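Hello,

Please find the structure we spoke about below. My notes on it follow.

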Amino acid sequence: MLKKYKKSKRGLTFSLESQAFPVGSRFIYRVNKNVCQIKIFRSESGNTVSRKKTGNKIKSLFDLRSKQVMDLMEQCDYFEIEQSDHTIIVRFCRNTKVSFMQKKRHDIGEVLGADCIGSIILPEEMIKKVSGGEPLYTQMTISDFLQIDEVSKKQLEKDIPMVYNVISLFSGAGMLDKPFTEDPAFELVYAIDNEPAACESYRKNIGAHIECRSICDVKAIELPDAEVIIGGPSCKAFSNANRRTRLKDHNDYWLLNEYLRITQDIHPEVFVIENVPEFITANEGEMMKKVISESEEYEVTSTVVMDADLGGYTMRKRAIIIGSRIGRINLPNVKVLPYKTVKEALSKVNAEWFNYSDVSKSSAKTIERMKQVPPGGNFKDIPELAVCNSHSGRYKRLHPDQLCPTLVNWRKLPLIHPTEDRILSVAEAIALSGFGKDFEVCGTLSERQQQVGNGVPYAIGRTIKNAVKKALNHYFCPDTLCRA
């Protein structure tokens, strides 16, 4: 239920019955003007929950005083409160029935209430059309407004965007973040990785908001508010080589705990974990059970997607786990056909690309072995290695008319160019991952190769971004033009 409040120079004060926030407990709060809401969290320090007596009942009283709260209250007329076991969310909205004087310029922000921020200009002639020219003062509802033929819905969607804050953990070079940063509906407000070279790549491609430090040292109180958290804790612990015998002994195993810790403290509307497919099944699904049990507020879904099915060039598969407090989020079950080929990706690469000349030089012996492998072949085509029991990707030569196999660190295999006796350049690996010539990878040559090998293909990131955006728009403005 919406509650109207009086404008105040003090701030926002409200009371409610709350077992999670009893009188005398402590709390902190974050204001997010992008989506017109305040999140309140339990804390060991911060403001104190006061006491209010209503009849025979004692309620918890919250007094929020800051310039940010005041600014938000000035924009809006009503608020509603959503309470859970861990948080209180105060959402603000404007009155949907608006009055305006006939004049030459009108801000649509005065017409569209709810949580939409943005504006367009309505000409005087348009106002006369709906008002009949007389009287000079009229009222207009949103439904009335949408009947104006001259204003296209598509144009309004461009002019009235919602903006959702995103925190990126284990960010690497920013390959998962790239589709988010290209969409004006998202703002990347914080990122973290502990590899200096990867952080430099991130700054080149995404922004300077990344920190190079251990996630174990990060406290949620230091971080900005966010509607979305994305990231991929190191997948080394969940690989086939580790999962059966020494999963818990791997140094990276506990990094998932750090991801969940920050997610629990920030309380985003949505979180996304990407990892190797084995993440879902390792140790009889132990990690998935952990994610679900520690995310009680969230509806958690998981799926395995292949890059090529989503419009990419590779056979790379990733497990995508999405937790949502705003309704179940499923990635679309699609298959984009015909599949894109190696030739299509590599034909784009030229000397204008960053990392064009970044190619490891192979030994004479390795080159002689490469010469024996036909397109689509592998080590089995090399007589001296044919009897070995090895990975099918060893000495794999790409076939120009087929999909690219999973890109890991291709230098170690090695992965061979379709027509030349050499391994792929970094630029070629970037193209096969679905990125363009402006994506730059920094560091030593081996660090650059490893960053791309660790990264999420563009088509997978784009699919995640679109699904998350659709759910957020549906939740925050279901009855407005913000809905995608």
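A salt bridge here is a side-chain nitrogen of Lys or Arg within 4 Å of a carboxyl oxygen of Asp or Glu. The model is a predicted one, and searching the whole of it gives 26 salt bridges.

Three of these pairs are described here. In the pair Glu82 and Arg91, the closest N and O atoms are 2.8 Å apart. Glu82 is partly exposed, at 27% relative accessible area, while Arg91 is buried, at 9%.

Arg261 and Glu258 also form a salt bridge, with 2.8 Å between the closest N and O atoms. Both residues belong to helix H7 (residues 255-266) and sit 3 residues apart, about one turn of the helix. Arg261 is partly exposed at 24% relative accessibility; Glu258 is buried at 15%.

Arg448 and Asp358 form a salt bridge at 2.7 Å, N to O. This pair links distant parts of the chain, 90 residues apart: Arg448 is in helix H12 (residues 445-454), and Asp358 is in the loop between helix H9 (342-346) and helix H10 (364-371). Arg448 counts as partly exposed, at 22% relative accessibility, and Asp358 as buried, at 14%.

Salt bridges with shared partners also join Lys39, Glu82, Arg91, Asp225, Glu269, Glu297 and Arg325 into one network.

The other item is helix H1 (residues 67-75), whose buried residues are Val69, Met70, Leu72 and Met73. They span an arc of only 165° around the axis, so they lie on the same side of H1. Lys67 and Glu74 are exposed on the other side. The buried residues of H1 are covered by elements including strand S2 (12-16), strand S4 (37-42) and strand S9 (87-93).

Regards

How values were computed. Residues are numbered from 1 along each chain as its sequence is written. This is a predicted model: local features need pLDDT of at least 70, side-chain atom pairs count only at pLDDT 80 or more; totals for chains, interfaces and linings use all residues. Side-chain values use heavy atoms; hydrogens and water are left out. Buried means under 20% relative accessible area, exposed over 50%, partly exposed in between (1.4 Å probe, protein chains only). Helices (H or I, at least four residues) and strands (E, at least two) are DSSP runs, numbered from the N terminus. The arc is that of the directions from the helix axis to the C-beta atoms. Contact means heavy atoms within 4.5 Å.
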